[in-house]
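Here are my notes on this one, as numbered points. Have the model open while you read.

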Amino acid sequence: MLPLASGSCWRAVLARARRASLASGSRRASGGPGCAQDLPAAVGELRGELDRFGGVSMRLARIGALDRLDAAAFQRGLQAAIQQWRSEGRIAVWLHIPILQSRFIAPAASLGFRFHHAESDASTLTLWLGEGPSRLPGYATHQVGVAGAVFDENTRKILVVQDRNKLKNMWKFPGGLSEPGEDIGETAVREVFEETGIKAEFRSLLSIRQQHTNPGAFGKSDMYIVCRLQPCSFTINFCQHECLRCEWMDLNDLVKTENTTPITSRVARLLLYGYREGFDKIDLTMEELPAVYTGLFYKLYHKELPDNYKTMTGMD
Ligand SMILES: NC(=O)C1=CN([C@@H]2O[C@H](COP(=O)(O)OP(=O)(O)OC[C@H]3O[C@@H](n4cnc5c(N)ncnc54)[C@H](O)[C@@H]3O)[C@@H](O)[C@H]2O)C=CC1
Ligand SMILES: [Mg+2]
């Protein structure tokens, strides 16, 4: 982000707020915590930053004497700053508020700010200043759950569990929610081990289910991904908190049983097809590739691409 050229605007408006307070002889003029005389210390450090979309970002954590700034003075300062930013053609304001400074949320909300998101130690509010409805991107919309279909080709057995905390005890693949920064395959391997004690390796991605307004996802959307895993151990030691039962079941039995969920039944049939006709018919395999802009790496999942199509050597 670039420092905002009109950062001095804050200094001016809060100095004005201070003068107004002094003139009105308000309680703050008399000194003590939250007193208007203390404003310049906080205000001098208050800087907005311009982003590449033409919006302004304000991080209250960067202001040293914020503890002494009271909510009413903050609101007056913010209001004047918004006016200034509007006149400069800024399209939006992002306000980052540390959790211990949450008293600034209400004054910001009264000026039209709304929550964009919250982390454990801070919240971010936004105000759209541009024309028409807000074009700011929303925050996270989905949770990601991943299950491991651990299939042993030698015995044709598949690892299944029944949840302890469900009203109906149906067979399903072990799995759970992905953690931040975790790859899909890593979640499948971790959850399978935590729930069943079975060690396994990621082979491919088999299916993706998307479901909206999911109660288990706090009313957000849910992506449930099933991976094919290859077992590396076979002795079950299942988690008593999460699972009621866990066993290696013949794949044909899982395909035929009614005591399962529709998605488990469908993926079992997909696995049976892959087992008989070749897993290349059903696998979305993974490859790591470099990201162009960030210099980081990402994982790409798709059906196997023949080598000559990867390089395009000798092809038109
Ligand atoms: N069709 C299927 O076969 C099923 C698919 N799924 C999918 O699996 C994913 C989630 O898997 P899970 O095994 O549920 O996740 P998980 O294995 O990460 O377990 C979640 C844990 O959080 C606990 N928990 C949940 N809500 C709680 C609350 N309000 N208070 C206290 N503890 C709470 C649960 O008891 C459980 O121990 C989702 O994507 C979901 O859609 C889940 C169940 C069945
Ligand atoms: Mg689970």
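1. Start with α7, where Ile263, Thr264, Ser265, Val267, Ala268, Leu271, Leu272 and Gly274 are buried (buried is under 20% relative accessible area, exposed over 50%, partly exposed in between, with a 1.4 Å probe and protein chains only). Helices here are DSSP runs of H or I with at least four residues, strands are E runs of at least two, and both are numbered from the N terminus. The buried residues of α7 pack against β7, β8 (157–163), β9 (171–172), β11, β12 and α6 (251–256), contact meaning heavy atoms within 4.5 Å.

2. Before going further, a word on provenance. This is a predicted model, with local features needing pLDDT of at least 70 and side-chain atom pairs pLDDT 80 or more, while totals for chains, interfaces and linings use all residues; side-chain values use heavy atoms, without hydrogens or water. Residues are numbered from 1 along each chain as its sequence is written, with chains lettered from A and ligands numbered from 1 in written order.

3. Back to α7: its 16 residues reach 22 Å from first C-alpha to last, close to the 22 Å expected at 1.5 Å a residue (the expected span is 1.5 Å times one less than the number of residues). Gly278 follows the helix, with a positive phi near 115°.

4. Look at Arg228 too, in strand β12. It counts as buried because its relative accessible area is 7%.

5. Which residues supply the protein donors of the magnesium ion (ligand 2)? They are Gly175 (O), Glu195 (OE) and Glu242 (OE), at 2.1 to 2.7 Å; donors are N, O and S atoms within 2.8 Å of the metal (3.2 Å for Na, K and Ca), and water is not among the atoms, so sites may look incomplete. Glu195 sits in α5 (184–196) and Glu242 in the loop between β12 (221–231) and β13 (243–250), so the pair ties together parts 47 residues apart in sequence. Glu195 is buried at 1% relative accessibility, whereas Glu242 is partly exposed at 35%.

6. Last, the largest pocket, with about 920 Å³ of space. Of its 29 lining residues, the closest to the centre are Asp163, Lys166, Lys172, Arg209 and Tyr224. Elements giving two or more residues to the lining include α5, β12 and α7.

Notes:
1 Å grid on protein atoms, 1.4 Å probe; cavity = no way out; pocket = protein on both sides within 12 Å on 5 of 7 lines; lining within 4 Å. Points joined across faces, edges and corners; volume = space filled by probe spheres on them.
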